[in-house]
Amino acid sequence: MEQLIIFIKKEFKHVFRDNKTLLMLFGLPIAQIILFGFALTNEIKNSKIVVCDYAQDISSIQITERIASSKNFEIKKTIFDKEQIEESFREGDVKLVVVFPANFHKDLNHFNTAQIQVIADASDPNTASTLTSYINNIVRGYQQELNMTSMGSIKIVPEIRMLYNPELKGSTNFVPGVMALVLLLVCVLMTSVSIVKEKEKGTMEILLVSPMNPFTVIIAKAVPYFFLSLVNLTLILLMSIYLLDMPMNGSMVLLYFVSSILILCALSLGLLISNVTETQESAMLITLMGMLLPVIMFSGFMFPLENMPVPLQVISNIVPSKWYYIIVKSIMIKGLGIMSIWKEVLILSLMTSGLLIVSLKNFNIRLQ
Amino acid sequence: METETVIKAVDLTKKFGNFTAVDNISFEVNKGEIFGFLGANGAGKTTAMRMLCGLSKPTSGVANIAGFDVYTETEKIKSHIGYMSQKFSLYEDLTIAENINFFGGIYGLSDKELKEQSNSLIEKLDLSKNANKLVGELPLGWKQKLAFSVAIIHKPSIVFLDEPTGGVDPITRRQFWDMIYDAAESGITIFITTHYMDEAEYCNRVSMMVDGKIAALDSPSNLKEQYGAATMDDVFYYLARQAKRS
Amino acid sequence: MRPLKFLLKKEFKQIFRNKALLPMIFVMPLLQLLVMPLAADYEVKNINISIVDNDQSSYSKELTSKILASGYFQLSGYTHSFKESFKLIESDQADLILEIPHNFEKNLSRNGFEKLFIAVNAINGTKAGLGGSYLNSIISDFNQSISIKASKNTPDLEFKSIDIASLNWYNPYMNYKIFMVPALLAIIVTMIGVYMCGLNIVKEKEIGTIEQINVSPIKKHHYILGKLIPFWIIGIVVFTIGFFGISWLVYGIVPLGNLFLLYAYLGLFLVALLGFGLLISTYSETQQQAMSVSFFFMMIFILMSGLFTSIDAMPDWAQKIAYINPVTYFIEVIRMVVLKGSGLVNITKHIFIMIGFAILFNTWAIINYRKTT
């Protein structure tokens, strides 16, 4: 036990002596939560659009005004020639063009029907369909008002309630995601590198020939990162709650408990990586090159998992941060208790114990 | 034969903050000489050597290497010297032949010279069977001999050796010194730091550094006589014990 | 130039001899490029709706079938109470709830006015916004059709309607992959550049071989070029494999613009990027430090580049950060040139900015890389 404490002290010293590594351990999560909490949003506002107005009559102008007054759109310019549409798109920032044909108002009055053309830059399909649907709603609203007088007075008023996130803030979705990402990757990276570094420098041999139990070496390596990660988690939570106004509707104890499982999982993964690599370079590249994108993609905070092809949905199940992300959302935002998330917690725990066993076993083999 | 000075240092000083690592040292080394640079750990040997190689800028003082100034002509110095650091610094993931080729190449040897040099070197070191082996797979002694050969591949006027024989077995050390003598014979000045006092005896002249200063400088026999010591070991102990900083 | 030749020979040998490194450069990124676009599908479809029909009238049934026929929604549950539906939201099985009140039809015909209750799980703002907006337009369509039916009784039919014909240019099938593949390719090139280049020089520092280089007469810029050129070439090669092998062959993305222009921009981007990697390595003493710093910037490069989320939607200060991120420009250019066929005129601004980055990073790195301490 005493040995273990001496060892853990040594590991803490390694960590605290290196300013740049400390920057990553603490600076990275803090900066990223702030940055992404505020900056990442899927809300679409002030999208630049172009109006191509052949009509220039009262109706086209009224609709254009409505579009301009919406917070979703910013009219970049008005053109009077279809030939310029393509050029507008090529410049890159124009997302949509609304075309009013000539005689728009006349058609609407005489024939009771007129047509608007909406051309979206669908190279980004999501923005395209969202913007098209916004335009749709604006035009429909206009149409409804036109018909107010003539229509029978039937009116359905949909009352929409936005649950959990009334302001539709991006951070509600992204903060738990970035939390999962940062906790997992930082932890994997630090553990794997710190062990491989000792291997590379030859100091691992010294430790292994010492009368110390090899598992003591491993535990000593893991303990500081475990605690640092908990500190990190606390910082992240404080910032999310006080700075980003994230709700904290569930049990803090439960959240810490589950986070500890994730951290353990990351530590085991780091250990596993350090078992199969010989140099720091490859340990880092495996983590950064191999894990960064998949973790972002498969956690579910960037892209809806249900959109993925089934094989990928299956793959996403082996990404621990996916389960953690679901759990964090459930606890923090929905305020659910263990009864509602025990399945996810169980899966994460099983994953962690599996990884831990495999990596410890591997480590043992390497010693003989 | 007229002696030619190839290293000349006057009041050379290097400070790191408040700490004076090298304190006003002055000395001269002649062409073809084997100059031993002795001192306890932390006495300032490596710092002094790094300044002479152009790796580190002196705080004050003057130094000329092969006629070039260490402040302004470091790049010229670099093509006239060879250097072997205490940390093995050939590429372990390249083969012997590739290392020779690479270092020869960056010192500007022509293809023909490279070929000749690399062949004769490999033969001399008796490595022909291993020429295509990665350097990382060689035993330490061979690595060191190879590193020395590579350090003088471009026939520099001076070669700086920073504790070249650390961790090497006695037989290999003897062979290493044979190589040093050969190099000195061919006119290369040898500037060597070492911890081994028997090696100090092989030098033409040695300087002893204590606390960043040169405490003694003479031939080994003169030094022993001066301090009334039987071996260089005793001279070293006598001087090193006067050190204030450890 | 001769020393450069030897430096390059050495770097290539080291890279191609490193059996752990090669798959990391060539296999892993390309594999990701192959798989990731399938995962990167942000198209909002299959919005799961849970309907609570308290009315069970012909109106409520008509509305329900309209919603389900629209193609936007998938029925996840037809429950008897809001509470039951809410459970479905809690367990993520439903994204929104539509509650049709008692006497919906009766009140509409009698009073001409009735409310509908919609509750949306808004944790994911986009899905919530879009789902709400789709549902809204279906309801207003429904409203219109029952109005017309009702007004059939009145003689003067003066109903005005505006048709919206929407066209989706550049990607008529609204395929999200077309949007993601080129950008992911850009990110992969970025990762290779920053990580490899950032780690490489530091590795020599840590092993000590850099000393041997520093005492040699090699010129600073030769050494740096010797480091940059191999990674520049590798970057181009990986891009080419990804571009032709995966983007074109597998995903069928035929570039509309000028390939020469694209490659020229890629070359320029790589110079800037490698300069950045170099800069990191000149500031780091150990690989661990270099990695920490490059990881930090890589996260920003990826998440603040408009790769996943639109830059327009960011707050002003975040947009400023996005626009000092070189990757943003490369992603914009690759999307513009490949998907929209933008030409030199359209990307002139991008070119000048990238030249600026290239000069800035490389000069800074060269100044900061010292052979002497």
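This is a predicted model: local features need pLDDT of at least 70, side-chain atom pairs count only at pLDDT 80 or more; totals for chains, interfaces and linings use all residues.
**Exercise 1. Describe the open sheet that holds β5(A), and find which strands stand at its edges.**

Solution. The open sheet has five strands, in the order β5(A)-β4(C)-β3(C)-β1(C)-β2(C), and its pairing is mixed. The next step is to look at the ends of that order: β5 (155-163) of chain A and β2 (73-79) of chain C stand at the edges, and each has a single partner strand, so one side of each is left without a neighbour in the sheet. From one strand to the next, the twist averages 25 degrees.

One residue pair to look for here is C:Leu96, which stands opposite C:Val120 in β4(C). Finally, helix α3 (residues 58-69) of chain C lies across β1 (47-53), β2 and β3 of that chain, and runs at about 175 degrees to β1(C).

**Exercise 2. Work out whether chain C is spread out or a compact globule.**

Solution. Begin with the elements of the chain, which are 14 helices and five strands. The radius of gyration of chain C is 29 Å, whereas the globule rule gives 21 Å for 373 residues; the value is well over the rule, so chain C is more spread out than a compact globule. The box filled by the C-alpha atoms of chain C, taken along the principal axes, is roughly 95 × 45 × 40 Å.

Two further values complete the picture of this chain. Of the 373 residues in chain C, 50% are buried, and among its contacts with a separation of 6 or more, 78% are between residues 24 or more positions apart.

**Exercise 3. Describe how chain C touches chain A, and say which element of chain C gives the most residues to that side.**

Solution. The contact brings together 103 residues of chain C and 105 residues of chain A. Several elements of chain C each supply at least two residues of this side, among them α2 (21-39), α4 (82-90), β5 (161-169) and α13 (326-340). The element that gives the most is α6(C), with 18 residues. Sorted by kind, the residues of the side of chain C that touches chain A are 57 nonpolar, 31 polar and 15 charged.

Strands take part in joining the two chains as well: β4 (residues 113-121) of chain A runs parallel to β5(C), and nine bridges join them. In this pairing, A:Ala114 stands opposite C:Ile162.

For the contact between chain B and chain C, the numbers are 23 residues from chain B and 20 residues from chain C. On the side of chain B, α2 (74-80), β6 (81-84) and α3 (96-106) each supply at least two residues, and the residues of that side divide into nine nonpolar, eight polar and six charged.

**Exercise 4. Find the residues with the most contacts inside the largest nonpolar core.**

Solution. The largest nonpolar core has 292 residues, and A:Val98 and A:Leu183 are those with the most contacts inside it. Helix α7 (residues 176-207) of chain C contributes the largest share of this core, 21 residues. To see the surroundings of A:Val98, leave aside its neighbours within four places in sequence; the contacts of A:Val98 then include A:Ile49, A:Val51, A:Ile67, A:Ile116 and A:Ile135.

**Exercise 5. Decide whether strand β3(B) is enclosed, and then whether B:His195 is buried or partly exposed.**

Solution. Strand β3 (residues 34-39) of chain B has six of its six residues buried, so it is largely enclosed by the rest of the structure. B:Ile34, B:Gly36 and B:Leu38 point one way from the strand, whereas B:Phe35, B:Phe37 and B:Gly39 point the other way. In a regular strand, the side chains alternate between the two faces of the sheet.

Next, consider the partners of the strand. Five bridges join β3(B) to β8(B), which run parallel, and in β8(B) the bridge partner of B:Ile34 is B:Ile190. Another five bridges join β3(B) to β9 (residues 205-210) of chain B, again in parallel, with B:Met209 as the bridge partner of B:Gly39.

B:His195 is found in the loop between β8 (189-194) and α7 (197-202) of chain B. Because B:His195 has 15 C-beta neighbours inside 10 Å, it counts as partly exposed.

Notes:
Residues are numbered from 1 along each chain as its sequence is written. Chains are lettered from A and ligands numbered from 1 in the order in which they are written. Two residues are in contact if their C-beta atoms, placed from the backbone, lie within 7 Å. Helices (H or I, at least four residues) and strands (E, at least two) are DSSP runs, numbered from the N terminus. Ala, Val, Leu, Ile, Met, Phe, Trp, Tyr, Cys and Pro count as nonpolar, Asp, Glu, Lys and Arg as charged, and the others, Gly among them, as polar. A nonpolar core is a set of buried Ala, Val, Leu, Ile, Met, Phe, Trp, Tyr and Cys residues joined through C-beta atoms within 7 Å. A residue is buried if 20 or more other C-beta atoms lie within 10 Å of its own, exposed if 12 or fewer, and partly exposed in between; C-beta atoms are placed from the backbone. The radius of gyration is taken over C-alpha atoms; the globule rule is 2.2 Å times the number of residues to the power 0.38. Two strands pair if DSSP finds at least two bridges between them. Axes are lines fitted to C-alpha atoms, for helices over the stretch in contact, and angles run from 0 to 180 degrees between N-to-C directions.
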